[in-house]
Amino acid sequence: MTSPTLVVGELHEGVLSDSTKEAVSVAQSVSGKENVVGFLAGSSPRGPAAGFGRCGVAKAFVAEDPRLDGAVAAVVAHLVASAADSLGAELVIVGGSVFGRDLVARLGTRWNAAVATGVTSLTRTGATLEARRPVFGGRATETRQLQGPHVAIALRPHASAAPPESPGDVALTAVPVDGVPASFWVPKRLGTEVVARGAGPGLTDASIIVSGGRGVRAAENFRLIDELAASLGAAVGASRAVTDAGWRPENYQVGQTGKQVSPQLYIAVGISGAIQHLMGMISSRVIVAINSDATAPIFKVADYGIVGDLFQVVPALTQEVKRARGQ
Amino acid sequence: MEIVVCVKPVPDAETRLRVAPDGTTLDIEAVKFVLTGYDESAVEQALLLKEATPGSKVHVVSAGPPPRAEEALRASLALGCDLATWVETPPGVSPDPLSAARALARAISTIPHDLVLCGKNAGDDEAGVVAGALAELLGVPDHSAVLDLRWDAASSRLRFQRSTEAGMEKWEAPLPCVVALQQAWNDPRTAKLPAILKSRRSPIAKVASEPIASTAGTTRPTKFELPPPRTGAKLIEFKTPEEAAQKLVKVLKEEAKVFP
């Protein structure tokens with residue numbers, strides 16, 4: 001019999017995040033639907049934890065404390081380790097997010113687990129778990145066998161589709177928070193400037209990204225990129241040339257020293273395709289390049305290319321996308 | 001402020017990746033390992049903080065095999081780090097991230113450390129767990145995805161931003177702590193020749209690595225794959241921009257099936 005698998009949830013705008021649902025889906029496929037148990041921490045986790053039920057999860061732990069909002073990984077790792085031990089779980093899975101990675105780092109150490117992050121697929125053969133994950137900026141893929149009494153996995157965004165949702169109940173068990181040592185509660189967050197989804201910081205979990213490069217020529221021309229992105233419901237990215245020039249802040253940068261992204265569709269506009277940039281986006285599923293220079297290296301890695309003047313092609317494309325989507 | 005910065009040498013970005021003969025890892029034969037990416041930027045951040053905070057020292061630490069870990073430490077000394085410690089691991093591939101974190105933690109626990117800086121992740125395995133694991137092992141808080149890190153001497157607090165899925169968060173935090181930097185300088189400082197020459201003779205403290213406790217989980221690489229070479233873009237032929245747009249939307253819909 002497979003031991004229970006714990007999925008640690010995370011909230012986005014008050015409901016279970018897409019990355020959490022993806023984690024549920026991966027857990028169900030490696031451990032069997034009936035062996036998956038949810039976990040959610042926050043100031044009022046009971047309402048959103050019902051989302052586990054709609055994903056086919058029948059049991060979940062909830063840790064309730066106002067200080068838990070904002071996902072304090074050190075504390076949550078402590079609570080997850082106790083919940084996992086009380087359940088006899090050997091595997092903990094969390095979605096692809098900043099919090100997921102932080103949690104697994106803490107939990108791996110605390111719980112003596114074998115750890116893998118940025119995982120795109122997880123398979124179980126007999127008693128052996130293997131994780132596949134892109135490495136070297138998506139230029140290679142490695143498979144690792146996870147050996148140990150415990151395993152903690154953080155997925156990569158879009159590692160799996162979310163499970164189909166249907167009405168379903170989840171039985172909640174409260175996890176006491178008072179056993180957490182005082183030193184685990186960390187210092188003050190002064191505030192969160194929530195940036196609209198679709199802007200730079202939403203890059204890592206976007207399913208479509210439109211990025212602009214040096215070919216855009218000036219900060220004010222970047223609205224062409226914004227408009228195309230808006231028509232597609234996409235996030236906006238930029239190459240290093242753009243952030244170096246100050247046309248966009250550095251959290252828009254896709255590349256080796258910026259964000260590493262793996263959307264379904266990546267549209268590179270006026271980007272030549274330096275290795276620095278390719279290392280951030282080469283694992284995108286479909287790559288489209290729009291550039292006036294037919295010899296630009298970006299055309300070597302793109303699936304589809306338009307050799308043309310972006311100042312003509314991009315506005316036409318925005319209009320066509322709007323038309324096709326009935327906007 | 002006693003600043004510790006952790007570095008890991010990784011293959012140069014221009015390296016042509018090849019699979020090792022046994023098929024499980026990167027072939028490191030003839031690969032040039034360098035201090036680069038987020039780690040190089042972490043050294044830059046450490047030096048900027050040192051310059052802004054009189055009386056500070058930067059101690060660079062690496063856990064890895066010879067000769068590349070030693071080379072990365074010497075490169076950091078040449079950039080302006082004051083002290084270096086090397087946890088020497090067996091030759092060949094680098095230790096897995098949690099093993100590296102355990103080795104680093106053992107070394108860091110014996111040296112003064114107010115602030116421990118790490119890059120967001122190493123450019124090779126991209127695990128991004130060393131900072132969190134170090135914090136757990138050292139018993140201090142950690143902050144990830146950090147941009148715009150500053151020390152406010154008046155309040156004795158670090159002030160910084162975090163870039164998360166929710167947006168940009170503003171934080172302040174006391175020392176000691178571990179910080180994983182999202183921030184990357186595209187043009188970090190380069191070492192001057194006299195400093196490079198001097199760094200070749202600088203002492204490096206060496207710590208022997210210990211075997212991993214048998215209770216700890218470990219990972220073992222079983223396969224290393226390179227994607228089939230991309231064959232180049234299918235170019236869309238067109239006479240007008242409108243035609244290009246129509247054809248592109250059509251292939252994204254019907255062939256690639258990625259149109260929203």
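Predicted model: local features only at pLDDT ≥ 70, side-chain atom pairs only at ≥ 80, totals over all residues.
## A buried strand in chain A

A residue counts as buried if 20 or more other C-beta atoms lie within 10 Å of its own. Strand β16 of chain A covers residues 265-269, and since 5 of the 5 are buried, the strand is largely enclosed by the rest of the structure.

What does β16(A) pair with? One partner is strand β14 of chain A (residues 208-212), joined to β16(A) in the parallel sense over 5 bridges. Here Gly212(A) has Val269(A) as its bridge partner. Another partner is strand β17 of chain A (residues 286-291), which also runs parallel to β16(A), with 5 bridges between them. In that pairing, Tyr266(A) sits opposite Ile287(A).

## The seven-stranded sheet of chain A

Chain A also has an open sheet of 7 strands, with parallel pairing and the order β7-β11-β6-β1-β4-β5-β12. The edges are β7 (113-119) and β12 (171-174), each of which pairs on one side only. Going from one strand to the next, the twist averages 20 degrees.

## Nonpolar cores

In soluble globular proteins, nonpolar side chains tend to be buried together. The largest nonpolar core in this model has 129 residues. Which of its members touch the most others? They are Val80(A), Val92(A), Ile153(A), Val5(B), Leu104(B) and Leu134(B), so the list draws on both chains. Helix α3 of chain A (residues 73-87) supplies the largest share of this core, 10 residues. A second, separate core has 55 residues, including Val242(A), Trp247(A), Tyr252(A) and Met279(A).

Val5(B) makes a handy example of the contacts in question. Leaving out residues up to four places away in sequence, Val5(B) touches Ala42(B), Val43(B), Ala46(B), Val58(B), Val60(B), Cys81(B) and Leu117(B).

## Where the chains meet

The contact between the chains takes 86 residues from chain A and 67 residues from chain B. Helix α4 of chain A (residues 98-110) contributes the largest share of the chain A side, 9 residues. By residue type, that side of chain A divides into 40 nonpolar, 27 polar and 19 charged.

Tyr304(A) has Lys234(B) as its bridge partner in β13(B).

## Domains of chain B

Chain B is divided into domain 1 (2-208) and domain 2 (227-260). How far apart are the C-alpha centres of these two domains of chain B? They lie 42 Å apart.

Two cis peptide bonds are worth a look. One joins Pro66(B) and Pro67(B), with omega about -5 degrees. Pro67(B) sits in the loop between β4 (57-64) and α2 (68-79) of chain B. Another joins Leu175(B) and Pro176(B), with omega about 0 degrees. Pro176(B) belongs to the loop between β9 (167-173) and β10 (177-181) of chain B.

Then there are positive phi values. Ser156(B) is not a glycine, yet its phi is positive, about 50 degrees. Ser156(B) lies in the loop between β7 (142-152) and β8 (157-164) of chain B. Is Ser156(B) buried or exposed? Ser156(B) is exposed, with 9 other C-beta atoms within 10 Å. Lys257(B), likewise a residue other than glycine, has a positive phi near 50 degrees. Lys257(B) is in the segment after α6 (241-254) of chain B, and Lys257(B) counts as exposed because there are 11 C-beta neighbours inside 10 Å.

How values were computed:
Residues numbered from 1 in each chain as written. Chains lettered and ligands numbered in written order. Core = buried A, V, L, I, M, F, W, Y, C linked by C-beta atoms within 7 Å. Buried ≥ 20, exposed ≤ 12 C-beta atoms within 10 Å, placed from the backbone. Helix = DSSP H or I, 4+ residues; strand = E, 2+ residues; numbered from the N terminus. Contact = placed C-beta atoms within 7 Å. Nonpolar A, V, L, I, M, F, W, Y, C, P; charged D, E, K, R; others polar. Pairing = 2+ DSSP bridges. Domains from an automatic or database assignment. Axes fitted to C-alpha atoms, helices over the stretch in contact; angles between N-to-C directions.
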